Amino acid sequence: MHQLPLVTLVLVALCSLGSVDSSAYDKIVTHSRIRARKEGPNVCALQQVLGTRKKYFSTCRNWYKGSICGKKALVLYECCPGYMKLEGMKGCPAVAPIDHVYGTLGLVKATTTQQYSDMSKLREEIEGKGSFTMFAPSNEAWEELNPTTRSALVSNVNIELYNALHYHMVNRRLLTKDLKNDMTFTSMYNDLGLFINHYSNGIVTVNCARIIHGNQVATNGVVHVIDRVISAVGNTIKEVLDVNEDLSSFNTAVLASGMMDKLDQPGHFTLFAPTNEAFNRLGAGYLERIMEDKAISAALVNYHLLNSIQCSEAIMAGSVYETAEGSTIEIGCDGDSLTVNGIKMVLKKDIVTTNGVIHLIDQVLIPDSAKDGMELLGESQRNFSDMVSELGLAAALGPKTEYTLLAPLNAAFTNEVMSTDQSLLRFILENHILKLKVTLSELYNGQLLETLAGKLLRVFIYRTAVCIENACMVRGSKEGSNSALHVMRSLIKPAEKTMYEQLIADGRFKIFLSLMETAHLTDLLKQEGSYTIFAPTDDAFNDLSKEDFALLKSDLNALRVILLYHFSNGIFINGGLEGGVTNLLKTLQGNNLQVMSVNNSINVNSVDVPDSDLMATNGVIHVVKNVLYPGDLPVGRQDLLVLLQKLIKYIQIKFVSGFTYSEIPLTFLKRTITTHIIETVPEVKVTRVIDGQPTITKVTRVIETEPTVTEVVIEGDPVITRLTMENEGEPSVTKVTRVIDTDPSLTKVTRVIQGEPSVTKVTRVIGTDPSLTKVTRVIEGESSVTKVTRVIEGQPSITKVTRVIEGADLDVEGKTITGGARYTTENEPYIIEGPDFSKITTIHGNPNLIDEESERITRIIQEGGKFAAARKAPAGMRRRARLVRRHHHKPRQ
């Protein structure tokens, strides 16, 4: 009589202890109790898969869907574990009586296990002292056991059956809260391990057998009812592959990948192992091909491997799992069948090993990383795949070639596209294949990608989209062994013209282009860059008169404010705009444009954009039929306000008297320096140089006369002398070129003798009677170098005097020219005047005259003629002569 309350207190204490540190299983049972609270106390709601005997304490997801593994589930109400019904009372108000483990097997209706315990002499053990955990197979579990195996156990109850039952036991009490995921407990049979998995959906398994009724506390332990009979485990995954002949092909692939050692080490793996038949379906030579590349074979093997244990009974709905290869697969169920990526392919489930579980499948799972580019294409890109093959492009995409496919969806290949000339269609497709492998993570804004056709495609990165030229990507980019795939919403149309060329060719923007020219902004449409322009058509200006246009063009600053409000720095296409929200684009004028994208169409400042995404090499054009104007920018002139009100009718423009527009610095305009290279034939100049010893030049002037009268006559045409002087800081060298002008048909010869510094001797001879005196005077001056240049020209030249002074120049009037500039003056031909002998009547009549005239001649020679003062070099400067280039009307011969 007093025993029942004590037992009840023990049970309550154990249950409350479990609630302090509850497990996923305990939480699911609690939720089931809440769902069934209307049915009375201690009632739990379960779901039973229609057509089966499987019952689950289901998750919220399964409960509200009303299905498990895609199958309709019926709702059942049963007593929660540890409680019983009482006749005439609602719900389950009574606590089940506590008993030893053997007796508890009867309470949980595991009567077959109870019977086998009696037959195998295990009963005495589980009725006696101790603390045991027994994972007791249900009656249905024994029925599903292979008949041969079951007969072998029953025929040898003292050894085989006894050992089998001992393998289901642990020599300590373990509630579900103690059964952590990936734990291993030592069984009571040869210390072999029991492998526990505890999943987030509340499922708890032991060697992949599901606990269907847990935590039935006994006086000497606890009983958990499981849904299958478990067997001893002693092999690793590697050892199973080695002995299973039906897995020899996969075993070969594992060996080629170098992964076999991993599958022999401790761990918690799930392996979806393809059978030989699965490899045969891939075609001849596939296995040999992947074995040639260790990286591909490793990717293939790792794609079949999970780094967690997923028992089939734990799968109640499709879930995504990461593979050892790095990508993901979806594991689900369809009734009793296990599915991979939505396909029923599991032939045999739950081959338990010491380091995981194996599921045999009838298909080979090929990851993207083990595929080439064409194998990455899916059903939604079928048209692109077919066209690439038909036009012979697939042959260029070999397994060793790196490339990237930009595959448009099937809808992009309209009837108009498919009717295109095949050569043009091939060119279009070539612009959807890149020469290099470029993954999604490697793309960046402004990147240029070269296609097979040689075009450079631009990449645009936005908040919610990645676009290439006018086409944006959809989700589903893939990376293959040597290639990558990006799925595009539409065909890519590479830009061919600048914005200026596009607007000119379109023909709808004549007025806009005229205003841009007036504002000196046309270069913005031509220069390199990335711009977005909302270009108003000519229709936007229909209400303006000639006077209005004249007024608009007269205020250059106001015109620029209006025009630059239509430009934004950066390329923003429709697909790159975030849908359903306002996208703010800062304009070159300074204020923001408000752009929205709704149902694949856009509007700006609430103005519709009838035509968008006209791609140009330096931007994108969106067409508007209204002139845009900032809503928060006032106007300060009445006449301009009236004009703008004619243009802009979708907003109310504010008027603030005296307001003026701020001048916009045109820093965005780029200066372009064009260099023209003109190739010419080099001019050949021949200089004849006579080398020799220093020479002494004698100049002898002879005056013939009668003995009593001396006459000096200089016959011949006036001599035109070209004189070039260059003054420098060092002592100068004077170069004198004498040019004799003659008839154009005659040859003009200038002779220059170049040699060592010479001494000039002037001898004056008066021809008369031998008894007369010959006077010779030698005047020694500055050392000079004489250079002989032979020039043959057709036309007589004009005397040109060039004077060059380095450091400080003088102009023609003798004034200083700073900065080291050269000054050239051209004079008329002049005659150097010689000594005046007309006054000499007789040389004997006035002997002093001879001395006077001799001194005069000497002075003239020393001073250099009548212009000696003008040519005198500044103090401390060196004087040297320089030839001046002559300018002729006829080419040289």
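Predicted model: local features only at pLDDT ≥ 70, side-chain atom pairs only at ≥ 80, totals over all residues.
The protein contains 26 helices and 47 strands. Of its 893 residues, 45% are buried. Among contacts with a separation of 6 or more, 65% are made by residues 24 or more positions apart. The accessible surface amounts to about 47,400 Å², and carbon and sulfur atoms contribute 50% of that area.

Strand β37 (residues 619-624) is largely enclosed by the rest of the structure, because 6 of its 6 residues are buried. In a regular strand, side chains alternate between the two faces of the sheet. Both faces of β37 are covered, with G619, I621 and V623 buried on one side and V620, H622 and V624 buried on the other. Strand β30 (residues 531-536) runs parallel to β37 and is joined to it by 6 bridges; within this pairing, A535 has V623 as its bridge partner. Strand β36 (residues 611-616) is instead antiparallel to β37, with 4 bridges between them, and D611 stands opposite V623. A hairpin is formed by β36 and β37, with 2 residues between the strands.

The pairing of β24 with strand β25 (residues 456-461) is antiparallel and comprises 3 bridges, including one between L449 and L457.

The structure holds 5 disulfides. With bonded cysteines counted along the chain, their pattern is 1-4, 2-8, 3-5, 6-7, 9-10. One of the disulfides joins C69 to C333, with an S to S distance of 1.8 Å. This pair links distant parts of the chain, 264 residues apart: C69 lies in the loop between β3 (67-68) and β4 (71-79), and C333 in strand β17 (residues 328-334). The torsion about the S-S bond of C69 and C333 is about -90°, and the disulfide is therefore left-handed. Both cysteines, C69 and C333, are buried.

A further disulfide connects C208 and C311 at an S to S distance of 2.0 Å. C208 is located in the loop between β11 (204-206) and β12 (209-218) and C311 in the loop between β15 (305-306) and β16 (319-322), so the pair ties together parts 103 residues apart in sequence. The link of C208 and C311 is left-handed, with -70° about the S-S bond, and both C208 and C311 are buried.

In the disulfide of C467 and C472, the sulfur atoms are 1.9 Å apart. The link of C467 and C472 is right-handed, with 85° about the S-S bond. C467 is buried at 0% relative accessibility, and C472 is buried with a relative accessible area of 6%.

Notes:
Residues numbered from 1 in each chain as written. Heavy atoms only, no water. Buried < 20%, exposed > 50% of the residue type's maximum accessible area, 1.4 Å probe, protein only. Contact = heavy atoms within 4.5 Å. Areas by Shrake-Rupley, 256 points an atom, 1.4 Å probe, with all protein chains shown as cover. Pairing = 2+ DSSP bridges. Disulfide = S-S within 2.5 Å.
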